[in-house]
Amino acid sequence: MVRHLRSEAQAGRMLPFVVEHEGRLVGQLTVAGISWGSMCSGHIGYWVDRSVAGRGVIPTAVALAVDHCFGAVGLHRVEVCIRPENAPSRRVVEKLGFREEGVRPRYLHIDGAWRDHLVYALTVEEVPESLLARWHRAAPGASQK
Ligand SMILES: CC(C)(COP(=O)(O)OP(=O)(O)OC[C@H]1O[C@@H](n2cnc3c(N)ncnc32)[C@H](O)[C@@H]1OP(=O)(O)O)[C@@H](O)C(=O)NCCC(=O)NCCS
């Protein structure tokens, strides 16, 4: 897996991150499918260990990643595709103010079947300041549970 992530990163198609909480590796966040040219877009995926779930760890990681993508990296758009029944993941993007764009029917093959996904996205115009700062202002203490 590490070899694959490194080669995708070296090819400029992916930004792989680990997520740490109090010095311990507790999850992963990847910006994958990075496309340049007239698109300048990528999609974000993530997971976190259940021992720290519900404490705002992944919203914090997503906000940091979006700020990096729109700042240093220079992407124009980031999206997150989520199965409709994945309520915790939908809460992550809703809390951060991602725009819901609609359904992609049978978008990804997961657990043996083609699954519908909801698309959530942000473009750089929608985040004129830091996303992390915006979220913290809207919900003080949200990432310190
Ligand atoms: C989705 C996921 C990454 C959320 O990460 P997180 O750091 O727990 O995110 P948050 O702290 O913002 O919690 C999100 C929601 O999870 C739910 N939650 C709260 N405590 C929880 C706990 N102990 N365990 C599981 N879910 C919990 C709540 O609905 C919460 O929303 P709320 O803040 O409005 O109450 C995590 O649940 C996960 O790894 N899930 C499995 C992998 C996955 O679904 N990845 C995303 C694919 S699109």
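**The ligand site and selected residues**

Me: By class, what does the shell around the ligand consist of?
Reply: By class, the shell has 11 nonpolar, four polar and four charged residues. Please bear in mind that this is a predicted model.

Me: How many residues surround the ligand, and which are the closest?
Reply: The ligand is surrounded by 19 residues. The closest of these are G54, G56, N86, R91 and K95.

Me: Let us take R91. How far is an N or O atom of its side chain from an oxygen atom of the ligand?
Reply: The distance between an N or O atom in the R91 side chain and an oxygen atom of the ligand is 2.6 Å.

Me: And what is the distance for K95?
Reply: For K95, an N or O atom of the side chain is 2.5 Å from a ligand oxygen atom.

Me: Where does the backbone of I58 come in?
Reply: A polar backbone atom of I58 lies 3.0 Å from an oxygen atom of the ligand.

Me: How much of the ligand does the protein bury?
Reply: The ligand taken alone exposes 920 Å², and the protein buries 65% of that area.

Me: Which pocket does the ligand take?
Reply: The space taken by the ligand is the largest pocket.

Me: Which elements give two or more residues to the shell?
Reply: Those elements are β3 (41–48), α2 (57–73), β4 (77–82) and α3 (87–95).

Me: Which of them gives the most?
Reply: Helix α3 gives the most to the shell around the ligand, with five residues.

Me: Now to α2. Where is T60, and what does its side chain reach?
Reply: T60 is in helix α2. Its side chain reaches the backbone oxygen of G56 at 2.7 Å.

Me: Is T60 buried or exposed, and why?
Reply: T60 counts as buried because its relative accessible area is 18%, and the cut-off for buried is under 20%.

Me: How far is T60 from V19?
Reply: Their C-alpha atoms are separated by 9.8 Å, although T60 and V19 are 41 residues apart along the chain.

Me: What about the loop between α2 and β4? Which residue lies there?
Reply: G74 lies in that loop. G74 counts as partly exposed because its relative accessibility is 38%, a value that falls between the cut-offs of under 20% for buried and over 50% for exposed.

Me: How far apart are G74 and V127?
Reply: In sequence G74 and V127 are 53 residues apart, and in space they are 13 Å apart, C-alpha to C-alpha.

Terms used: Residues numbered from 1 in each chain as written. Predicted model: local features only at pLDDT ≥ 70, side-chain atom pairs only at ≥ 80, totals over all residues. Heavy atoms only, no water. Near = heavy atom within 4 Å. Polar contact = N/O pair within 3.5 Å; in protein donor to acceptor, adjacent residues only side chain to side chain. Areas by Shrake-Rupley, 256 points an atom, 1.4 Å probe, with all protein chains shown as cover. 1 Å grid on protein atoms, 1.4 Å probe; cavity = no way out; pocket = protein on both sides within 12 Å on 5 of 7 lines; lining within 4 Å. Sits in = over half its atoms within 2 Å of the grid points. Helix = DSSP H or I, 4+ residues; strand = E, 2+ residues; numbered from the N terminus. Nonpolar A, V, L, I, M, F, W, Y, C, P; charged D, E, K, R; others polar. Buried < 20%, exposed > 50% of the residue type's maximum accessible area, 1.4 Å probe, protein only.
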